[in-house]
Structures are given as structure tokens and as C-alpha cells.
Amino acid sequence: MYETQYHRASSVQDAVSRMEAAGEGKYVSGGMTLIPTMKQRLAAPSDLIDLRHIAEMQGISVNGRSVRIGAATTHDEVASAAALKAVCPAICHLAGHIGDPHVRHMGTIGGSIANNDPAADYPAAVLALGATIVTNRREIAADDFFTGLFETALEDSEIITAITFDAPAKAAYQKFANPASRYAMAGVFVAKRDNGEVRVAVTGAGANGVFRQMDMEAALAANWSPDALATVSVDATDLLSDLHADAAYRANLVKVMAKRAVAAA
Amino acid sequence: MAKVTMTVNGRQVSGHCDDRTLLVQFIRENLGLTGTHVGCDTSQCGACVIHMDGKSVKSCSILAAQAAGSTITTIEGLAADGELHPVQAAFKANHGLQCGFCTPGMVMTAVDMIRRHQGQLDEATVRAELEGNICRCTGYHNIVKAILAAAAEMSGARVAAE
Ligand SMILES: Cc1cc2nc3c(=O)[nH]c(=O)nc-3n(C[C@H](O)[C@H](O)[C@H](O)COP(=O)(O)OP(=O)(O)OC[C@H]3O[C@@H](n4cnc5c(N)ncnc54)[C@H](O)[C@@H]3O)c2cc1C
Ligand code: FES
Ligand code: FES
């Protein structure tokens with residue numbers, strides 16, 4: 001690892017000031033992506049600004065059906081939050097299947113969303129739930145947030161402080177995990193609203209990262225059942241091909257995961 | 001160089017290290033506690049698992065500076081008064097180790113797992129919970145057996161104490 005200077009921020013404002021004073025700084029939250037990347041010398045921030053101890057970025061609140069998850073909340077905290085499980089068990093299930101127990105004790109929702117790994121799980125939930133990404137400057141709709149592989153709408157020194165959404169009527173997430181890394185080779189989050197609106201988000205499969213599968217959304221809005229997906233064909237053109245699976249195989253996985261998710265919701 | 005202070009196995013300790021120093025290096029090299037192992041460079045093997053503020057974490061993927069101020073337990077901190085911790089005793093009784101390299105991480109993982117599940121474990125759960133720990137000797141069968149035996153004994157002891 002290259003040299004770096006560590007700072008522990010005490011508030012969001014303190015973190016921003018330290019970032020603006022740094023040369024090539026980076027925020028660190030759980031560090032479960034950034035520290036391994038630095039160990040491999042694929043990232044070399046001059047300064048690391050730690051967000052993990054900022055009180056205003058912690059914790060989960062559920063008010064009726066409206067949910068707020070602080071960006072520094074760990075995967076384990078999301079997986080085991082009883083109040084959240086009562087209104088949106090799908091996101092708890094998703095968080096409980098990220099990586100392994102040790103990674104879940106450190107990794108955070110804000111870090112996962114900011115990183116926007118094309119095989120990460122949370123982006124699918126955030127997009128399918130039509131969540132809002134709250135930053136220190138503004139609120140960003142999920143539809144506008146994920147802009148490409150490892151790319152987001154975040155600007156320099158902008159911090160995600162929370163994720164908010166209204167709990168859906170029904171939702172579920174199913175992933176086909178890579179047997180070695182446990183990252184998604186295809187993961188599908190389905191969500192249905194009380195007004196009948198359906199959103200389907202796919203991770204792990206898109207060549208440009210997480211995306212909405214509109215044909216599936218239309219089919220499920222007309223008929224919320226796994227069978228409704230039988231006639232939907234998943235276009236493999238913009239899907240990833242790598243040594244784990246080619247695009248045609250992933251296209252099939254997307255359909256299978258979507259069916260399983262609807263059945264589980 | 002910064003001064004890092006934390007509580008390790010019940011003792012307050014400090015040391016000087018670069019900000020880029022990994023927690024596992026700090027534990028092994030500054031504190032001389034070499035029970036915590038490094039088995040990979042990819043955050044996957046779990047040989048380095050310790051407890052930070054009561055939760056299992058991979059000490060190879062955390063900076064010592066990130067852990068400053070926290071309370072750490074390593075494998076050396078488990079046995080009380082020269083008596084093996086029930087999980088350590090179960091690994092011994094069930095032949096839960098071969099070369100022993102993965103064992104510190106396995107034991108620390110098991111202690112955390114038994115705590116979170118309040119001793120209510122079955123084989124499928126133990127295997128799923130071991131996702132982040134690799135045994136190069138592939139002795140998983142006896143590792144699972146040892147964890148189940150320890151969980152049964154520890155929840156039995158709890159019931160007896162209540
Ligand atoms: C062995 C292993 C297995 C894993 N398996 C999975 C898996 O199956 N599925 C999955 O989805 N993920 C997986 N991960 C990744 C894990 O979920 C990470 O925790 C997550 O991707 C990043 O969260 P973090 O808090 O650790 O972020 P960090 O590593 O601290 O940061 C990641 C990036 O986000 C930026 N950042 C962090 N917080 C903020 C913020 N609040 N505002 C703005 N920018 C911010 C940082 O600057 C950095 O660029 C795995 C990781 C490991 C080590
Ligand atoms: S040494 Fe930490 S996971 Fe392998
Ligand atoms: S006992 Fe040898 S690596 Fe597990």
C-alpha cells in the first residue's frame with residue numbers, strides 16, 4: 001500500500017472540510033472495497049477521511065412505511081433490523097447475503113452505493129425501490145444516480161448521508177452468486193407498489209452496471225406472477241461476458257432470478 | 001507515524017505506526033501477538049479474523065488507525081485463567097484442525113457466530129456462516145462438528161446457569 005494520511009471526521013461538515021483541504025483524498029466508510037483496492041495499489045489516495053464515526057450517518061429509522069437508512073449503517077445492521085424487516089424484509093435479506101459475516105460487520109450501504117460495482121447487490125435494491133440518495137448537498141433519485149460502471153452522479157467531495165424510500169407492497173431479491181466471490185453473476189430485485197407500479201432492477205449482468213428491465217416491469221404490472229415472465233425475452237446485447245458467464249447465459253440467469261424473486265415476494 | 005491506542009485482550013496498548021499500517025500488522029508486529037494469521041492478499045481467507053468492539057472483522061482489511069480507540073480481542077485473549085475457551089476445547093476434542101493455520105480465524109469466527117445465533121446453530125447455518133473462512137487443509141467437516149459441539153455445550157451451560 002502506498003503512503004496515506006488518515007483523518008477521522010467528527011461530522012459531515014468536518015469530513016467535507018478535510019476532503020477539500022486534501023490533495024487526492026478519498027472517503028473511507030467500511031473500507032471493505034477501498035482498503036483491499038489500496039493493498040493492491042489500484043488506489044493511492046493521499047488522504048483517507050473516515051466517515052465511520054459520524055453519528056448523523058448512522059442508524060435506521062422506520063416511520064410508518066417511510067424508511068431512512070444512514071449511509072454509514074453496516075450490512076449486518078440492515079440485515080438484522082427488526083423494524084425494517086417488518087416493512088421491507090427484501091432489503092434485509094439482500095444485506096444478509098453480501099459477502100461474509102466479517103465483511104457485513106464493516107461494509108456500509110453508503111460505500112456500496114457510492115462504489116457502484118456492477119456486481120454489487122445494493123444498487124439493485126436502491127433502483128428497484130425508487131429510493132432517494134440523500135447527500136450533504138441535495139437529494140438524487142436512484143434513476144439519476146447510477147451513471148455507469150463504478151460511476152455515479154456524486155460530485156467531488158460530495159457525501160452520501162442517507163438512503164430513503166417508501167416500503168413497497170411486495171418485494172424480493174434473488175441472486176445467482178459467483179461461487180468463489182459471492183458477488184452477483186445476476187441479481188434481480190423486484191418491487192410492487194400499492195398503486196400497482198412495478199420496478200425490476202438487475203445487477204451483476206449489465207455491461208454498464210445496474211439497470212431496469214422495463215419489459216419485465218410491464219409484464220408484472222399486468223400480471224404479478226412468475227408465469228408472466230415466460231414470454232419476456234431478455235436481450236443479451238448489453239450484458240456482460242466474462243470468464244464466469246457469457247452474455248447469453250447471463251440473459252437466462254436474469255430471467256430465472258426474476259421468476260424466483262417474484263415467487264419469493 | 002502516528003500513535004495508535006486501543007484495548008487489546010483487556011489491556012490498553014499503544015504503538016507508533018504509519019497510517020497505512022494494517023491492523024493485523026499492528027497486532028503481529030507492534031504487539032507481538034502472532035496468533036492472528038495472514039493467509040491471503042484478497043480479503044477472502046479469514047485467517048486474520050479478530051473481534052473489534054465485539055464483532056468479527058478481517059484485520060487484514062482495516063487500518064490500525066481505523067481501529068484506534070476500539071476494543072479488540074484476538075485468539076490470545078480467549079482462554080481465561082489457563083483454561084481453553086469452550087470453542088478451543090471443542091476444536092481440540094473434534095480434531096477441528098490439521099496444520100492449524102486457519103484455526104485462529106476459524107475459532108474467532110465460531111465464537112462470533114455462536115454469540116449471534118445464541119447457540120442455536122445447525123450444520124447448514126454453520127457452513128453458510130463460514131463463507132469468509134478458508135481452510136487450505138479442507139478440514140471443514142471437523143470444523144463444523146467442533147462448532148456445533150461448542151454451540152451445544154455453551155447453550156447448555158447458559159441454560160444451566162439460568
Ligand atoms: C470478501 C468480500 C466479499 C464481498 N462480497 C460482496 C457481495 O457479495 N456483494 C456486494 O454487493 N458487495 C460485496 N463486497 C463489497 C462490500 O459490500 C463493501 O462493503 C461495499 O462494496 C463498500 O462499502 P464500504 O462501506 O466498505 O465502502 P469503502 O470501501 O469504505 O468505500 C468504497 C468507495 O465509496 C466511497 N464512499 C464510501 N462511503 C461514502 C459516502 N458515504 N459518500 C460518498 N462516497 C463514499 C469511498 O470513497 C470509496 O471510493 C465484498 C467485499 C469483500 C471484501
Ligand atoms: S488474511 Fe485477512 S482475509 Fe485473508
Ligand atoms: S487446518 Fe490447515 S488451513 Fe485449516
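Which residue of chain A forms a salt bridge with Glu131(B)? Select Glu131(B) and look across to chain A: the partner is Arg182(A), and their closest N and O atoms are 3.3 Å apart. A salt bridge here is a side-chain nitrogen of Lys or Arg within 4 Å of a carboxyl oxygen of Asp or Glu.

Before you go on, know that this is a predicted model, where local features need pLDDT of at least 70, side-chain atom pairs count only at pLDDT 80 or more, and totals for chains, interfaces and linings use all residues. Residues are numbered from 1 along each chain as its sequence is written, chains are lettered from A and ligands numbered from 1 in the order in which they are written, and side-chain values use heavy atoms, with hydrogens and water left out.

**Stop 1: where the chains meet**

Show chains A and B together. Between them there are 3 salt bridges and 13 residue pairs in polar contact, both residues being at pLDDT 80 or more. A polar contact is a pair of N or O atoms within 3.5 Å; within protein, one must be able to donate a hydrogen and the other to accept it, and residues adjacent in sequence count only if both atoms are side-chain atoms.

Now colour the side of chain B that touches chain A by class: you get 10 nonpolar, 8 polar and 9 charged residues. (Ala, Val, Leu, Ile, Met, Phe, Trp, Tyr, Cys and Pro count as nonpolar, Asp, Glu, Lys and Arg as charged, and the others, Gly among them, as polar.)

How much area is buried between chain B and chain A? About 2,300 Å², with carbon and sulfur atoms giving 55% of it. Buried area is the accessible area (1.4 Å probe) that two parts lose on being put together, summed over both. Pick Arg20(B), Gln66(B) and Glu131(B) next: in chain B they lose the most area to chain A, together 28% of what that side buries.

**Stop 2: ligand 1**

Zoom in on ligand 1, which lies between chains A and B.

- Ser29(A): one of its polar backbone atoms is 2.7 Å from an oxygen atom of the ligand.
- His75(A): a polar side-chain atom sits 2.9 Å from an oxygen atom of ligand 1.
- Asp121(A): a polar side-chain atom is 2.8 Å from a nitrogen atom of ligand 1.

Terms used. A residue is near a molecule or strand if one of its heavy atoms lies within 4 Å of it.
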